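Please keep the structure open while reading.

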Amino acid sequence: MHSTDPVSRTDPAARPTGVTPPAGRPRAGSRPPAALLVPAAVAAVFALLPLGYLAVRSLERGPAFAWDVIANERTAQLLGRSLGLAAVVVTAALLLGVSLAWLTVRTALPGARAWSVLVTLPLAVPSYVAAFAWLSVFPDVAGFAGAALALTLVSFPYVYLPVTAALRGTDPAQEEVSRSLGHGPLRTFLRVTLPQLRPAAAGGSVLVALYVFSDFGAVSLMRYDTFTRGIYTSYRASFDRTPAAALSVVLVVMTILLVAAEARTRGRAGHARTGTGTARLAVPAPLGRWRGPALLWCTAVTAIAVLTPLATLGYWLAVGDSATWDPAGLLDTAGTTLGVAAAGAALTTLLALPVGVIAARYRGRPASLLEQSAYAGHALPGITVALSLVFFAVRYAEPLYQELPLLVCAYAVLFLPVAVAGTRAAVLQSPPVLEDVARSLGRSPLKVLREVTVPLAAPGVLAGAALTFVVCMKELPATLLLRPTGMDTLATRLWTETGTGSFAAAAPYAAALILLAAVPSYLLGRQRT
């Protein structure tokens with residue numbers, strides 16, 4: 001990831017001797033010490049393992065066989081289904097996210113602050129829990145419509161959040177000038193506000209599309225075949241893993257093309273102003289006769305996205321009896337989930353620490369390569385990462401096959417970017433001058449890291465670890481493939497019970513998963529406020 005800070009592109013030779021870089025500024029031109037470089041390189045190689053697996057496995061029976069898998073009719077069908085689902089979900093998420101962001105930020109909507117919290121709550125609901133909730137109420141909703149509904153309702157906050165931030169950061173004077181020229185609110189929004197929101201909306205749309213491409217739980221419960229479900233079915237149906245690897249390559253290419261297209265769009269976008277602008281928020285626009293419909297829109301979205309899953313879980317919890325409830329099993333599964341997620345968060349944070357420090361403190365090709373390598377796993381769906389680790393375990397580390405360490409490693413590959421981002425942001429906020437003083441007093445790089453850098457960045461690093469803990473708890477496809485025999489997490493147990501139509505038996509696991517995930521999520525939100 002390249003910083004957009006113009007200061008970071010300054011020629012270091014032009015800086016006067018003896019002037020210490022300000023807080024957070026990377027050290028251009030200097031090389032990371034071996035105490036950071038070696039563990040960061042280990043983390044980068046770790047994150048790149050799945051890509052190596054795809055290259056080896058997909059070509060194992062020759063390029064012709066891989067091409068036959070990629071070019072056959074079934075692959076084209078999966079490609080069309082995945083793209084069609086992503087297009088519908090992204091369009092719906094844009095409609096919900098942009099409209100809600102504009103209402104809560106730029107209008108005099110009654111209770112705007114409360115609405116802004118309520119519409120972000122769907123982020124705490126895993127897609128397969130949303131699918132379970134809608135299937136249990138409307139069994140006929142399965143298929144494309146059900147998958148699109150469930151994925152839209154849990155992913156539209158990915159558009160809402162960046163668009164909200166963009167609305168708060170744009171200069172209201174431009175809209176005021178437009179209105180002073182006689183343009184109405186709608187024309188001003190379409191011609192002045194909306195173009196400035198395009199980069200934020202495009203970034204959010206990419207996140208939504210990536211979410212759809214990598215989702216396994218919702219599409220499986222809704223019985224709608226996409227690439228992830230096709231890969232899982234291919235893996236389970238045959239001892240030959242090459243077709244699953246070839247399909248994974250297509251999925252990775254789709255992801256890379258999508259990210260590249262978004263980066264190209266973002267790179268062309270630019271909205272500048274002369275002078276310093278006005279350091280004030282926009283005056284909320286009165287809604288007038290649209291106040292009622294606006295409140296109805298916010299109420300409907302919140303009711304459908306948040307209250308429906310919660311009410312459904314409450315219903316199934318109420319109708320469940322001793323035949324469907326297993327308190328001992330629930331406690332055991334919850335304990336297993338917490339333990340596995342904690343182990344995954346610990347390993348991920350440990351691997352992310354040197355990468356995040358290098359990304360924050362050093363600039364140059366090695367630092368850039370290490371950070372970009374750490375993000376490689378983020379472009380891969382969980383099922384592809386799981387397949388790669390199965391491959392390497394069977395060939396080179398068989399004792400680890402279907403053992404807990406392999407599952408923890410999968411979490412680290414998948415969620416390393418989450419922890420790296422948290423560490424990098426935390427280190428950037430701490431002044432590097434304290435590290436320079438420690439070095440001038442004779443401390444080694446390792447002691448500086450342990451005694452200065454880590455303590456200063458600890459709150460941010462712990463926040464990243466908490467977020468990693470949450471996403472590890474909710475992870476499904478890699479857990480399904482890599483969990484030790486006989487071990488269940490809340491996610492896998494919910495998926496199993498729902499797959500057999502045992503909604504009352506699945507409800508306690510879904511409720512426990514949301515409850516446990518809500519605790520660190522609440523603490524993270526409280527820390528940010």
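The second largest pocket has 18 lining residues, and W102, L103, L186, L287 and W290 lie nearest its centre. The model is a predicted one: local features need pLDDT of at least 70, side-chain atom pairs count only at pLDDT 80 or more, and totals for chains, interfaces and linings use all residues. Residues are numbered from 1 along each chain as its sequence is written, and side-chain values use heavy atoms, with hydrogens and water left out.

**Second largest pocket**

- Helices are DSSP runs (H or I, at least four residues), numbered from the N terminus.
- α3 supplies the largest share, six residues.
- The pocket's volume is about 580 Å³. A pocket is an open set of points on a 1 Å grid over the protein atoms alone, with protein on both sides within 12 Å along at least five of seven lines; lining residues have an atom within 4 Å of a point. Volume is the space filled by probe spheres set on the points, which are joined across faces, edges and corners.
- By class, the lining holds 15 nonpolar, two polar and one charged residues. Nonpolar covers Ala, Val, Leu, Ile, Met, Phe, Trp, Tyr, Cys and Pro; charged covers Asp, Glu, Lys and Arg; the others, Gly among them, are polar.

**Cavities**

- The whole structure has four cavities of 30 Å³ or more. In a cavity, a 1.4 Å probe fits but cannot get out.
- The largest cavity has a volume of about 60 Å³.
- Its lining includes P33, L36, V357, R361 and Y362. α19 gives the most, with four residues.
- Seven nonpolar, one polar and three charged residues make up this lining.

**Helix α1**

- α1 has 25 residues (34-58) and should span 36 Å at 1.5 Å a residue; its end C-alpha atoms are 35 Å apart, which agrees. The expected span is 1.5 Å times one less than the number of residues.
- α1 bends by about 40 degrees at L49, and P50 follows within four residues. The bend is the angle between axes fitted to the seven residues ending there and the seven starting there.
- Buried residues in α1 include L36, F46, P50, Y53 and R57. Buried means under 20% relative accessible area (1.4 Å probe, protein chains only).

**Cysteines**

- There are zero disulfides in the whole structure. A disulfide is a pair of cysteine sulfur atoms within 2.5 Å.
- C298 counts as buried because its relative accessibility is 0%.
- C472 is also buried, at 2%.

Notes: Helix = DSSP H or I, 4+ residues; strand = E, 2+ residues; numbered from the N terminus. Buried < 20%, exposed > 50% of the residue type's maximum accessible area, 1.4 Å probe, protein only.
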